[in-house]
Amino acid sequence: MSDEFVPVARIADIAPGTGTAVAVGDREIALFNVGGTFYAIDNTCPHQGGPLAEGWIEGDVVTCPWHAWCFRMKDGKMTLGDYASVDAFDVRIEGEMVAVSRVPRAVS
Ligand code: FES
(Lines give C-alpha, C1' and ligand atoms only; values in the text may rest on other atoms or scores of the structure.)
Protein backbone atom coordinates (compact mmCIF):
# COMPACT_ATOMS: atom_id res chain seq x y z
CA MET A 1 0.00 0.00 0.00
CA SER A 2 1.32 3.42 0.86
CA ASP A 3 4.76 2.15 1.86
CA GLU A 4 5.30 0.01 -1.18
CA PHE A 5 8.82 0.43 -2.54
CA VAL A 6 9.99 -0.34 -6.06
CA PRO A 7 13.65 -1.21 -6.81
CA VAL A 8 14.71 1.20 -9.55
CA ALA A 9 18.51 1.21 -9.84
CA ARG A 10 21.70 -0.35 -8.60
CA ILE A 11 23.52 1.78 -6.05
CA ALA A 12 26.76 1.34 -7.99
CA ASP A 13 25.20 2.75 -11.17
CA ILE A 14 24.47 6.20 -9.73
CA ALA A 15 27.69 7.94 -8.84
CA PRO A 16 27.73 10.49 -6.02
CA GLY A 17 26.89 13.94 -7.36
CA THR A 18 24.75 12.63 -10.21
CA GLY A 19 21.11 12.00 -10.97
CA THR A 20 19.14 9.78 -13.29
CA ALA A 21 15.53 9.40 -14.37
CA VAL A 22 13.75 6.20 -13.36
CA ALA A 23 10.23 4.88 -13.75
CA VAL A 24 8.12 4.13 -10.70
CA GLY A 25 4.78 2.83 -11.85
CA ASP A 26 3.56 5.36 -14.40
CA ARG A 27 5.59 8.22 -12.94
CA GLU A 28 9.00 9.46 -13.97
CA ILE A 29 11.20 10.12 -10.97
CA ALA A 30 14.51 11.96 -10.68
CA LEU A 31 16.83 9.96 -8.43
CA PHE A 32 19.92 11.68 -7.02
CA ASN A 33 22.97 10.50 -5.13
CA VAL A 34 24.32 13.20 -2.83
CA GLY A 35 27.42 11.86 -1.16
CA GLY A 36 25.88 8.42 -0.74
CA THR A 37 22.43 9.65 0.33
CA PHE A 38 19.70 9.10 -2.24
CA TYR A 39 16.79 11.46 -2.91
CA ALA A 40 13.81 11.02 -5.21
CA ILE A 41 11.56 13.77 -6.58
CA ASP A 42 9.24 14.07 -9.55
CA ASN A 43 11.36 14.41 -12.71
CA THR A 44 9.06 16.92 -14.38
CA CYS A 45 9.67 20.58 -13.57
CA PRO A 46 6.36 22.35 -12.80
CA HIS A 47 7.44 25.38 -14.85
CA GLN A 48 7.45 23.95 -18.38
CA GLY A 49 8.29 20.30 -17.89
CA GLY A 50 12.08 20.31 -17.84
CA PRO A 51 13.84 17.06 -16.82
CA LEU A 52 15.12 17.65 -13.31
CA ALA A 53 17.31 14.53 -13.37
CA GLU A 54 19.43 16.34 -15.97
CA GLY A 55 19.75 19.46 -13.84
CA TRP A 56 22.75 20.91 -12.09
CA ILE A 57 23.37 19.50 -8.63
CA GLU A 58 24.76 21.60 -5.82
CA GLY A 59 24.57 19.97 -2.43
CA ASP A 60 21.00 18.72 -2.09
CA VAL A 61 19.57 21.31 -4.47
CA VAL A 62 18.92 20.63 -8.15
CA THR A 63 18.59 23.39 -10.73
CA CYS A 64 16.30 22.72 -13.68
CA PRO A 65 18.35 22.57 -16.90
CA TRP A 66 15.79 24.59 -18.87
CA HIS A 67 15.25 27.85 -16.97
CA ALA A 68 17.04 27.34 -13.66
CA TRP A 69 14.25 26.92 -11.14
CA CYS A 70 15.83 25.34 -8.05
CA PHE A 71 14.33 22.56 -5.93
CA ARG A 72 15.38 20.97 -2.68
CA MET A 73 15.75 17.22 -3.12
CA LYS A 74 14.66 16.54 0.46
CA ASP A 75 11.11 17.84 0.07
CA GLY A 76 10.74 19.01 -3.54
CA LYS A 77 10.14 22.62 -2.59
CA MET A 78 11.57 25.54 -4.51
CA THR A 79 14.42 27.26 -2.78
CA LEU A 80 13.10 30.72 -3.64
CA GLY A 81 9.57 30.39 -2.28
CA ASP A 82 6.49 28.28 -1.86
CA TYR A 83 4.80 29.00 -5.17
CA ALA A 84 5.83 25.73 -6.81
CA SER A 85 7.06 22.33 -5.75
CA VAL A 86 7.43 18.79 -7.00
CA ASP A 87 6.47 15.61 -5.18
CA ALA A 88 9.16 13.99 -3.05
CA PHE A 89 9.35 10.25 -2.49
CA ASP A 90 10.89 8.16 0.28
CA VAL A 91 13.94 6.13 -0.72
CA ARG A 92 15.11 2.87 0.80
CA ILE A 93 18.26 0.83 0.24
CA GLU A 94 17.54 -2.84 -0.41
CA GLY A 95 20.81 -4.77 -0.72
CA GLU A 96 22.56 -3.41 -3.81
CA MET A 97 19.45 -1.63 -5.02
CA VAL A 98 17.85 1.74 -4.47
CA ALA A 99 14.09 1.47 -4.01
CA VAL A 100 11.62 4.34 -4.26
CA SER A 101 8.15 4.59 -2.76
CA ARG A 102 5.26 4.52 -5.24
CA VAL A 103 3.48 7.14 -3.17
CA PRO A 104 4.66 10.74 -2.74
CA ARG A 105 5.54 11.79 0.73
CA ALA A 106 2.87 13.87 2.41
CA VAL A 107 3.59 17.57 2.08
CA SER A 108 4.56 19.06 5.42
S1 FES B 1 11.05 24.02 -17.19
FE2 FES B 1 12.15 24.00 -15.33
S3 FES B 1 12.64 26.07 -15.00
FE4 FES B 1 11.48 26.09 -16.81
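**Close-up views of an all-strand predicted model**

Of the contacts in the protein between residues at least 6 apart in sequence, 41% join residues at least 24 apart; contact means heavy atoms within 4.5 Å. This is a predicted model, where local features need pLDDT of at least 70 and side-chain atom pairs count only at pLDDT 80 or more, while totals for chains, interfaces and linings use all residues. Residues are numbered from 1 along each chain as its sequence is written, and side-chain values use heavy atoms, with hydrogens and water left out.

View 1. Helices (H or I, at least four residues) and strands (E, at least two) are DSSP runs, numbered from the N terminus. The C-alpha atoms fill a box of roughly 35 × 30 × 20 Å along the principal axes.

**View 2. Aspartate 42 lies in strand β4, residues 37-42.** Its relative accessibility is 13%, so aspartate 42 counts as buried. A polar atom of its side chain lies 2.9 Å from the backbone nitrogen of threonine 44. Beyond its neighbours within four places in sequence, aspartate 42 contacts Arg27, Glu28, Ile29, Ala30, Leu52, Val86, Asp87 and Phe89.

**View 3. Three strands form an open sheet in the order β1-β10-β9, with antiparallel pairing.** Two strands pair if DSSP finds at least two bridges between them. β1 (5-10) and β9 (91-94) stand at the edges; each has a single partner strand, so one side of each lacks a neighbour in the sheet. Neighbouring strands are turned by 35° against each other on average, direction ignored; axes are lines fitted to C-alpha atoms. β9 and β10 (residues 97-101) pair in the antiparallel sense over four bridges. Glutamate 94 stands opposite methionine 97 in β10.

**View 4. Aspartate 13 sits in the loop between β1 and β2 (18-24).** Its relative accessible area is 57%, and aspartate 13 is exposed (over 50%).

Key
Buried < 20%, exposed > 50% of the residue type's maximum accessible area, 1.4 Å probe, protein only. Polar contact = N/O pair within 3.5 Å; in protein donor to acceptor, adjacent residues only side chain to side chain. Axes fitted to C-alpha atoms, helices over the stretch in contact; angles between N-to-C directions.
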